[in-house]
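Here is a short report for a reader new to this structure. Look over the sequence and the model before reading on.

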Amino acid sequence: DRSYEQNVDNTLELLTEATVARACRDGSRRNGLMLSGGIDSRIVGAILQQHGIPFSCTSFTTEQGIGALDAKNAREVAELLGWDWSMVEVGAPSGQDALDIFKLKGGLMSMTLAPLMSYIRQMQARLGEDQVFFTGDTGYGVRSFYPKAKARTTEDLVTRNMFAYHAQFKMEEIAGLFRVSPAEVLKVFTD
C-alpha cells in the first residue's frame, strides 16, 4: 500500500512526464493550452512553465455567454502567472462541426463538444496547422464500437472496457444523427 502523499507524487510525476513528452520543445511547432476555469489546464500550464516550455493560452465564450466565467477565471490565472492569454468568441455549431468533432479523435469526442470546432479552427489559424494543443477533455467515445466478441488479451479487454466506460452515443445513434448507415460511421475509423 502506498500513502496518499506517494499517490499524489506518482500521479504528478506521470502527468509531468506525459505533458513534457507531448509538448514541442524545439520550436518547430507552437504549444497551445485551452485554459479554462478548471484545475487540469492550470496544472498543465504550470508544468509547461516549470520546464521552460513556451506556450500560449486561450479561452472561449459563446454568443450566449457560455464559458464567460471560465474565461474570466482563466484570464486572472494567466495574468497572475504571466502567461500569454487571449479570448476566442465562438458561434453556434453547424452540422459540419458535429461531423468534424466526431472525426477529430476517431469518435472519442462527445458530440456535445461540436461548438469547439470553431474554437479549434481559430487556434489552428493562430498557432498554425502543425501545433501541440492541450485540452482538458476526457475523451468520450462510442458505445458498441467493437464487435461483441470475447477479449483475447488483457489489452483488448481494457480497450473494450474503456470504450464502454467513456461511451456517449451508440453507433446507431451516431448513424441516425448524420443520416448514414452504421457501416458508414465505422468507415470513418477504418479509412
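## About the model

This is a predicted model: local features need pLDDT of at least 70, side-chain atom pairs count only at pLDDT 80 or more, and totals for chains, interfaces and linings use all residues. Residues are numbered from 1 along each chain as its sequence is written, and side-chain values use heavy atoms, with hydrogens and water left out.

## The sheet

Four strands form an open sheet in the order S3-S2-S1-S4, with parallel pairing. Strands are DSSP runs (E, at least two residues), numbered from the N terminus. Two strands pair if DSSP finds at least two bridges between them. The edge strands are S3 (84–90) and S4, and each pairs on one side only. From one strand to the next, the twist averages 30°. Axes are lines fitted to C-alpha atoms, and angles run from 0 to 180 degrees between N-to-C directions.

## Strand pairs

S2 (residues 56–62) runs parallel to S3, joined by seven bridges. Phe60 has Val88 in S3 as its bridge partner.

S1 (residues 30–34) pairs with S4 in the parallel sense over four bridges. Asn31 stands opposite Val132 in S4.

## Both faces of S4

S4 spans residues 131–134 and is covered on both faces. Gln131 and Phe133 are buried on one side, Val132 and Phe134 on the other. Buried means under 20% relative accessible area (1.4 Å probe, protein chains only).

## Cysteines

Cys24 counts as buried because its relative accessibility is 6%. Cys57 is buried too, at 1%. The structure holds zero disulfides. A disulfide is a pair of cysteine sulfur atoms within 2.5 Å.

Conventions. Buried means under 20% relative accessible area, exposed over 50%, partly exposed in between (1.4 Å probe, protein chains only).
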